[in-house]
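Hi,

Here is the structure I promised to pass on.

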Amino acid sequence: MYNARPVLAGIAIVAVLFSAPFWVGRLGRDYKDAGIVPPKDEKNCIEDTELMRSRHMQLLNEWRDEALRGENRSYTAADGRIWTVSLQNTCLSCHANYREFCERCHEASSVYPYCWTCHVIPVEIKK
Amino acid sequence: MLSSLLLVLLIGAAAWAGAQAGFYLLLGAVLPYSAVLVFIAGLVRRMIYWAGSPVPFTIPVTGGQEESLGFIRQAKTDCPSGASGVWARMFFEVAFFRSLFRNTSAEIQEDCLLTKGPRSIYSSSKWLWAFALLFHYSILLVFLRHFRFFMEPTPSCIRFLESLDGIMELGSPRFFLSAGLMLAALFFLLGRRFFNERLRYISLPGDYFPLLLLIGIAGTGICLRYFDKADTTAIKVFIMSLTHFAPVSPQGLSPLFFTHLALVCALLLYFPFSKLTHMVGIFFSPTRNAPNNSRRVRRVNPWNPPDQYFTYAEYEDLYREAMAEAGLPLEKQPDGT
């Protein structure tokens with residue numbers, strides 16, 4: 001082997017860098033469960049749970065546009081129930097605990113939505 | 001081209017079908033582990049192989065004035081004569097593709113007024129450089145962003161990169177610019193192999209396959225985020241269990257996720273045996289890593305046979321008798337005279 005020293009350094013860099021997914025995780029915590037606590041007194045969200053889980057961000061985006069730009073504050077769900085389009089009054093009336101609901105998944109998935117640039121994080125109301 | 005496309009589609013379809021049929025152990029554990037192993041071991045093997053090739057001389061391919069007399073200014077990064085210049089040249093090569101920046105295109109002008117006939121024209125061509133740079137930085141950003149699945153809590157530097165990447169705040173979930181730019185750059189790199197006849201002529205499956213594979217990876221990744229909506233929390237639980245070597249059953253994850261994963265694994269498996277090894281190969285390029293000091297430093301070809309010397313004393317020993325007969329002067333007279 002020629003230029004053994006730089007080549008070995010290069011091999012070490014490649015090995016350390018590309019095995020990173022396997023060792024960086026050990027620097028922090030293990031992650032086994034999202035651990036969200038759904039609201040106790042309500043069983044169903046406005047739409048089906050699967051749909052809410054995957055598309056709530058799109059729904060909220062539509063709601064914002066509907067309410068603020070379309071001035072339409074009523075939303076008919078798939079099962080025919082009619083809801084008031086409002087994050088503060090509709091969503092947060094059940095999902096009142098930010099720390100145990102929103103944050104659990106968002107923190108882990110590194111999602112920082114800009115709901116809270118206008119709205120108040122519910123935990124901070126209680127304090 | 002068609003065979004590469006079919007191969008990529010086949011890998012994707014096989015992974016999709018496999019996920020539907022429940023081959024979770026194969027798709028979720030055996031394939032990723034073996035792919036990472038083959039990738040790292042393959043790259044190391046390549047590096048050792050390349051390091052075994054002697055470079056018995058420096059290759060002074062230069063982009064500027066070499067070191068000369070004191071009053072002639074040297075192009076220190078384009079024609080370095082020492083280690084610091086080589087580091088600078090390598091840095092500009094790796095970070096900004098400096099030699100690709102000098103890419104030129106040659107065309108033939110059919111009716112030139114000056115020559116009254118065809119004439120070849122050389123002009124600067126920056127497109128390849130621009131899109132290559134765009135692709136490489138996008139995929140770097142995409143790779144780094146994926147560390148949110150490998151780490152808990154997600155470090156703030158990754159969060160910063162994400163906020164930068166989604167700075168346009170388009171839609172929800174926020175659109176990451178790197179995803180779109182990467183796909184656009186890949187389509188450019190593919191398109192130039194289609195629409196440039198000369199390039200199409202020299203393009204091989206080894207050129208099309210990685211491009212189509214990367215398009216497949218980027219496409220499925222975009223779908224997972226914006227259209228088919230993968231459950232990122234469940235994926236993170238699964239990925240963390242994988243990297244902690246205690247894989248949990250990935251049951252319930254969408255088949256598209258396994259398609260994405262299998263395409264990434266295919267890329268990792270293919271990487272060390274393809275032209276993509278330029279990732280480590282660039283550091284082994286003698287035209288980039290050797291200083292232009294061919295006149296100052298003596299290089300000895302390592303496979304030269306050992307030097308054989310025939311000294312005058314040995315010469316005289318061999319021909320003493322004949323030389324004495326011919327009356328030539330000798331340092332030592334023949335014995336017995």
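Let's start with a word you'll meet a lot: a residue is buried if its relative accessible area is under 20%, exposed if over 50%, and partly exposed in between, using a 1.4 Å probe and the protein chains only. By that rule B:Asp207 is buried, because its relative accessible area is 13%.

Two bits of housekeeping. This is a predicted model, so local features need pLDDT of at least 70 and side-chain atom pairs count only at pLDDT 80 or more, while totals for chains, interfaces and linings use all residues. Residues are numbered from 1 along each chain as its sequence is written, chains are lettered from A and ligands numbered from 1 in the order in which they are written, and side-chain values use heavy atoms, with hydrogens and water left out.

Salt bridges

Side chains of opposite charge can pair when their charged atoms come close. Here a salt bridge means a side-chain nitrogen of Lys or Arg within 4 Å of a carboxyl oxygen of Asp or Glu. How many turn up over all chains? The search of the whole structure finds 18.

Back to B:Asp207, then. Its salt-bridge partner is B:Arg193, and their closest N and O atoms are 3.7 Å apart. B:Asp207 sits in helix 9 (residues 205-227) of chain B and B:Arg193 in helix 7 of chain B, so the pair ties together parts that are 14 residues apart in sequence. (Helices are DSSP runs of H or I with at least four residues, strands are runs of E with at least two, and both are numbered from the N terminus.) B:Arg193 is buried too, at 11% relative accessible area.

Another one to find is the salt bridge between B:Glu152 and B:Lys236, at 3.1 Å from N to O. This pair links distant parts of the chain, 84 residues apart: B:Glu152 is in the loop between helix 5 and helix 6 of chain B, and B:Lys236 is in helix 10 (residues 232-243) of chain B. Are these two buried or exposed? B:Glu152 is buried at 10%, and B:Lys236 is buried at 1%. Salt bridges that share partners also join A:Arg29, B:Glu152 and B:Lys236 into one network.

Over in chain A, the side chains of A:Arg99 and A:Glu103 meet in a salt bridge of 2.6 Å, N to O. A:Arg99 counts as partly exposed, at 36% relative accessibility.

Most residues other than glycine have a negative phi, and most peptide bonds are trans. So which spots go the other way? B:Glu152 comes up again here: its peptide bond to B:Pro153 is cis, with omega near -5 degrees. A cis peptide bond also joins B:Ser172 and B:Pro173, with omega about 0 degrees, and B:Pro173 is in the loop between helix 6 and helix 7 of chain B.

As for phi, A:Glu71 has a positive value near 55 degrees without being a glycine. Look for A:Glu71 in the loop between helix 3 (49-69) and strand 1 (74-76) of chain A; at 70% relative accessibility, A:Glu71 counts as exposed. B:Lys116 isn't a glycine either and has a positive phi of about 55 degrees. B:Lys116 is in the loop between strand 1 (104-112) and strand 2 (117-124) of chain B, and is exposed at 73%.

Helix 5 of chain B

With helix 7 (residues 177-195) of chain B, the axes of the pair come within 8 Å and cross at roughly 140 degrees.

Conventions:
Axes are lines fitted to C-alpha atoms, for helices over the stretch in contact, and angles run from 0 to 180 degrees between N-to-C directions.
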